[in-house]
Amino acid sequence: MSEIFADILIQFLNGLAGASSLFLVAAGLSLIFGVTRIVNFAHGALFMLGLYLAWSLIDLFGRSTLLGFWGGVLAAALCVGAIGAAIEVFVLRRIYKAPELFQLLATFALVLIIKDAVLYFWGAEELLGPRAPGLRGAVEIFGRRLPEYDLLLIVAGPLVLCLLWLLLHRTRYGMFVRAATQDREMLAALGTNERHLFTSVFFLGAFLAGLGGALQIPREPAQLSLDLAVISDAFVVVVVGGMGSIGGAFLAALLIAQAKALCIALGDVAMFGTIVSFSKLTLVVEFAIMAAVLVLRPWGLLGKPLALARGGSAHASPLDPPGQLFWPTSLFVLMLLAFAPLGGDRYLLVLMGDIAVFALFAVALHFLMGPGGLVSFGHAAYFGLGSYAAALAFLRLDLPAEAALLAAPLAGGLAALLFGWFCVRLSGVYLAMLTLAFAQIAWSVVFQWNDATGGSNGLIGLWPAGWLKDRTLYFWATLALCAAGIFFLWRTVHAPFGLALRAARDQPMRAEAVGIDTRRVQWLAFALSGAFAGLAGGLFAFAKGSISPDTLGVARSVDGLAMVLLGGVHTLTGPVLGAAVFTWLQDEIARNTQYWRAILGLAILALVLAFPYGLGGALKRLRGAS
Amino acid sequence: MTLLVANGLRKAFGGVEAVIDVGFAVAPGEVVALIGPNGAGKSTCFNMLNGQLAPDRGTIELGGKNIAGLPPRAIARLGVGRTFQITATFASMRVRENVQAALQSFADKSYGLWRAADTLCREEAQALLARVGMADQAERQCGTLAYGDLKRVELAVALAGKPRLLLMDEPTAGMAPAERLALMSLTASLARRDKIGVLFTEHDMDTVFAHADRILVLDRGRLIAEGSPAAVRNDPTVRRVYLGAGTMYGEAT
Amino acid sequence: MDRRHVLKIGGAAAAALAVPRAMAQAREPIRIGELNSYKVFAAFLEPYKKGMDLAVDEINAGGGALGRPIEIVVRDDNGQPGDAVRVAEELLARERVSMLMGTFASNVGLAVSSFAKERKVPFLASEPLTDKIVWEQGNRYTFRLRASTYMQTAMLVPDAVRVAKRRWAIVYPNYEYGQSATAAFKKLMQARQPNIEFVAEQATPLGRIEAGPVAAALQAARPEAIFSSLFGPDLSRFVREGTTRGLFRNVEVFNLLAGEPEYLDPLLDEAPVGWYVTGYPWQDIKTPEHDRFLSAYQAKFRDYPRLGSVVGYAAVIGAAEAIRKAGSLEPEKIVDAMKGLSHSTPFGRIVYRTLDHQSTMGAYVGRIGLRNGKGVMTDWRYADGAEYLPTDAEIRSLRPPE
């Protein structure tokens with residue numbers, strides 16, 4: 001019995017150490033969001049940078065001395081803090097006036113740039129850091145050994161929490177930070193310099209990210225995939241805790257780390273006559289917790305309702321019905337596109353097919369984000385489930401591709417109906433994060449369910465037979481379906497449903513007061529958007545001949561967001577432009593340079609700074625000016 | 001015959017009773033003001049009528065049908081229009097579209113996915129805007145309108161459901177005196193012409209005494225007086241309450 | 001050929017690999033399309049690219065193939081099957097490559113193999129380890145160079161049986177490779193040692209292992225031996241935590257791939273001594289083929305080869321040999337030539353089996369030791385891939401007919 005107790009105690013301590021690590025990253029993200037309302041996608045990249053810098057600086061200051069180690073850790077964190085401040089001053093400050101979430105695109109570009117910079121300076125091979133001097137060994141607890149460094153981490157988390165609390169509640173600076181977190185207008189009334197506050201908060205947030213990274217040096221080898229792994233953890237912790245709540249972040253980190261440790265400790269357990277592998281649940285446990293918390297507490301554990309508008313209509317201008325020339329022009333462009341690849345370049349066929357699919361995906365996402373004001377961070381779920389449904393109908397039911405394709409919008413729509421029911425009960429970033437949680441849960445089911453979905457390998461051999469085998473015909477079919485889907489969604493935006501959807505976005509209370517069931521309208525918008533994203537997924541599956549779980553992975557969702565934001569949230573044609581430019585850029589740059597990620601990031605950053613209303617928005621302004 | 005009858009309304013928040021046994025009635029075409037010092041329970045009362053809050057006890061009958069506890073959109077569909085204290089219009093839309101959105105909703109057309117919204121209910125919307133004197137601004141974006149104009153748009157939107165009852169929460173807050181007069185005169189004339197009952201809360205006593213047919217006075221959750229403007233003005237209890245609360249009582253003599 | 005096209009080729013050539021100028025000018029090169037997840041799995045694939053570079057140099061210095069130099073056109077597949085198929089299309093349509101090679105992750109390899117079958121293009125899957133690519137989902141156009149998950153697992157089994165331990169714990173990255181390795185290990189061990197007991201099993205998310213809790217959970221099960229298929233950062237974390245916590249004391253550990261320099265070198269002096277691993281002891285192999293490769297590699301890059309270097313090198317050699325043997329660039333002829341193709345590699349001669357298109361390239365099996373503060377493989381032997389495959393009959397029952 002005492003053996004079991006000792007095992008449980010050790011796992012509990014492991015969980016505490018993990019919680020501290022999680023908290024350190026999440027605290028900075030929460031702070032930055034609280035004050036600036038920026039969802040800093042580059043936070044994980046800053047963590048990674050902290051780890052790499054610590055590796056080099058400790059090496060420089062002396063690996064085996066106390067001063068060398070801790071000096072290196074602190075210096076790395078300070079460097080990252082300075083980089084964070086620089087990012088605020090040189091990039092983000094220029095686009096605060098842009099529509100909400102546009103800053104997300106800029107931070108996404110920074111992720112790409114930082115990743116390639118790290119690759120350039122430190123190389124591709126992982127770097128295992130030194131152990132902390134004086135804390136190399138383990139302590140014995142009931143016959144179990146716990147690394148001494150874990151004890152330090154267990155203390156470090158609460159210590160940072162206390163320091164932050166003192167800073168926020170016992171200093172004048174902290175008062176401004178709290179004021180800004182609760183009420184932006186009040187901040188202006190307090191007469192503080194908003195610029196300095198934002199820069200310093202970015203410094204502090206980035207410093208904490210860097211510190212979180214640097215402190216992991218004895219536990220975590222520095223490597224290039226940390227940025228995305230860490231950012232998703234940090235988002236989850238911040239949201240579960242309640243955005244802007246530091247205490248909440250700590251509580252959430254504790255909950256998630258302990259849940260993970262518990263899953264691992266349970267391992268394989270015989271239940272209901274089968275073996276349930278709890279260790280496999282570590283893939284998704286934090287997202288399951290996030291979904292559960294958000295469904296029960298829409299603002300996280302300790303969060304307060306935020307005044308953050310959903311998609312925000314502050315920048316939206318009237319969506320006028322298409323002019324007389326719009327449909328003829330569209331048709332003409334469509335014909336041009338249809339015949340363009342007949343010049344003999346078969347690859348153009350493929351690339352344009354991809355662009356058509358992603359354009360439909362982006363328009364479907366935009367339908368929700370723009371007119372609906374409902375931001376989805378997990379839209380790949382509907383795209384991916386659509387592609388899996390089509391693939392399974394094709395492979396398992398032996399349906400021809402034409403019929404199997406019907407399953408795609410059906411599956412996407414049904415999934416959106418299911419997930420959307422919960423999501424429309426939330427708002428703002430919480431809603432976005434719940435979509436992400438559902439997407440991750442869907443992803444892990446697809447990833448794990450080897451018998452049905454082929455697991456991590458996915459499904460292959462999805463090549464349509466008959467007339468669709470011809471690539472030109474398949475391209476035309478794709479183009480026709482995508483164009484039909486896009487035109488349908490555009491019409492819907494201009495139809496009474498679109499008007500009701502915009503009404504629900506602009507003023508939910510007013511909309512209810514004129515008899516509009518806002519939740520139901522938004523719920524149906526989810527379903528429509530999911531259905532068309534699913535159709536895009538189905539077309540994608542048969543174009544590539546294979547699919548794997550990453551069709552519903554985070555990267556695809558982020559790509560979709562980047563396309564919509566790049567094109568501009570408040571124009572209809574923007575997402576199509578965004579999808580075309582993004583896909584084409586990626587294809588062109590990836591082919592010609594080794595550091596294509598950084599170039600893509602710089603290109604996006606340039607576009608973001610040049611066109612803070614998106615490409616579509618810029619075109620609209622151009623037309624308006626002339 | 002009465003339009004709205006509230007009976008024995010009660011609402012408490014965590015032990016604090018905000019509204020206690022309030023009952024009143026509004027007749028078609030009647031303009032009724034609901035007044036009282038801050039914290040008297042006006043907003044709570046109002047929010048129970050429009051469905052934002054469900055009463056703990058009591059009934060609210062609209063044309064004989066109990067509407068207590070129904071959601072706002074259901075109450076709206078039964079013929080209750082409302083305006084908000086802080087103007088709530090659909091800022092990204094044109095003025096005309098604001099009204100169209102409401103008209104389409106009441107005509108059960110809001111789930112239409114294909115037909116263009118632009119032409120649907122367009123004439124009706126123009127007619128409503130003409131009634132509130134906003135016809136010439138129909139094509140402007142709501143987000144760019146002056147405050148007083150927004151209030152008129154709200155009124156037009158509230159009228160879109162052909163309401164039997166109009167609930168107006170501080171309809172003239174933040175407006176210049178001349179604008180107040182114009183808006184309330186407009187409202188009162190529309191109400192009388194179309195037999196719409198109007199219930200409004202108001203801080204400005206000039207407006208109240210100039211336009212209300214009848215006044216209800218709330219204090220600390222209870223209805224303490226009810227009657228014609230003249231009767232209420234001379235009611236000693238009301239005088240005491242308002243003298244205690246400062247100079248709200250306009251003494252418009 | 002229009003000007004735009006010429007420019008494209010020029011750009012691609014510059015971006016890809018240096019082709020000896022004199023040769024390139026003499027005749028239009030034979031192009032081979034190589035797609036891989038260079039950014040996602042950079043640690044393995046940077047040396048891989050160098051290996052390819054070296055092979056191209058040598059082949060072209062020796063006159064190329066069919067009297068023409070060869071050229072590798074390199075594309076990044078972003079680690080995503082969809083992107084891989086797109087760049088494969090581009091390589092075929094625009095670069096007019098004669099065959100495809102490369103890929104790293106199983107899902108990408110399988111996607112491209114399915115594409116190769118559909119388009120009837122020869123595809124040499126150099127790195128993906130999944131058994132399915134040549135067995136359950138094998139096809140006429142796909143060949144695979146590296147020893148598969150099953151083969152490498154089988155290579156460790158004799159030692160695993162020899163240590164005679166009953167209580168085994170298993171830890172693996174939770175995706176195709178780890179799952180297959182675990183399944184193969186259990187099956188092979190149960191056949192050879194019926195009293196074996198698997199006391200704990202930990203499936204960890206790829207790249208995201210919670211090393212502390214995992215080590216503690218394994219420890220709680222009191223295993224006598226551990227079979228792991230972790231690699232990369234997961235392995236480093238597991239080794240450090242496990243060592244600190246004393247998990248490996250008096251426990252035999254078997255770890256696939258951990259002897260590969262890509263995964264062993266980052267551990268520096270913390271390399272876990274005594275572990276049984278598959279890998280590549282480049283310092284100590286003394287065969288003429290390897291000596292020649294090693295000195296040429298070090299002369300060209302001033303760096304030592306990793307396993308990726310050997311894979312990249314051998315894949316290009318294989319592709320060129322296939323074209324030579326086919327005597328033509330016709331896809332069907334190249335495929336026919338690949339069947340039973342035999343050529344030399346730094347690991348010795350290998351054969352692409354006619355039966356299942358799997359090459360017989362083997363791996364080195366040994367134990368981890370320390371030398372000059374760095375991990376090395378000791379007591380190693382070369383396990384020839386041909387000897388660690390199931391019977392022909394078993395494979396026939398797995399592999400769909402052509």
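Predicted model: local features only at pLDDT ≥ 70, side-chain atom pairs only at ≥ 80, totals over all residues.
Which residues in α22(A) are buried? I started there, taking buried as 20 or more other C-beta atoms within 10 Å of a residue's own, with C-beta atoms placed from the backbone (12 or fewer is exposed, in between is partly exposed). The buried ones are R556(A), S557(A), D559(A), G560(A), L561(A), A562(A), M563(A), V564(A), L565(A), L566(A) and G567(A).

Residues are numbered from 1 along each chain as its sequence is written, and chains are lettered from A and ligands numbered from 1 in the order in which they are written.

Helices here are DSSP runs of H or I with at least four residues, strands are runs of E with at least two, and both are numbered from the N terminus. I went back to α22(A), residues 554-567, and found it mostly covered, with 11 of its 14 residues buried. From first C-alpha to last, α22(A) reaches 20 Å, close to the expected 20 Å; the expected span is 1.5 Å times one less than the number of residues. Just past α22(A), I noted G568(A) with a positive phi of about 110°.

Next I looked up α9(A), residues 226-241. This helix has 16 residues and reaches 22 Å, close to the 22 Å expected. I wrote it down as largely enclosed by the rest of the structure, because 13 of its 16 residues are buried. G242(A) follows α9(A), and its phi is positive too, near 105°.

**The core**

I count a nonpolar core as a set of buried Ala, Val, Leu, Ile, Met, Phe, Trp, Tyr and Cys residues joined through C-beta atoms within 7 Å. Which members of the largest one touch the most others? They are A253(A), A359(A), L360(A) and M433(A), out of 455 residues. Helix α13 of chain A, residues 346-369, gives this core its largest share, 18 residues.

I then checked A359(A) for contacts, meaning C-beta atoms, placed from the backbone, within 7 Å. Beyond four places in sequence, A359(A) is in contact with C482(A), I486(A), P575(A), V576(A), A579(A) and A580(A).

**L13(A)**

L13(A) sits in helix α1 of chain A. I logged it as buried, since 22 other C-beta atoms lie within 10 Å. Leaving out residues up to four places away, L13(A) touches L146(A), D150(A) and I154(A). I also looked at A261(A): it is 248 residues from L13(A) in sequence, but their C-alpha atoms are 9.2 Å apart.

**Chain against chain**

Which chains share the most contacts? Of the 2 pairs in contact, it is chains A and C. There, 59 residues of chain A are in contact with 55 residues of chain C. On the chain A side, α1(A) gives the largest share, 6 residues. By class I get 22 nonpolar, 20 polar and 17 charged residues on that side. The nonpolar class is Ala, Val, Leu, Ile, Met, Phe, Trp, Tyr, Cys and Pro, the charged class is Asp, Glu, Lys and Arg, and the others, Gly among them, are polar.

For chains A and B, the contact takes 35 residues from chain B and 27 residues from chain A. On the side of chain B that touches chain A, α3(B) gives the most, with 7 residues. That side of chain B divides into 18 nonpolar, 9 polar and 8 charged residues. Chains B and C do not touch, and their nearest C-alpha atoms are 33 Å apart.
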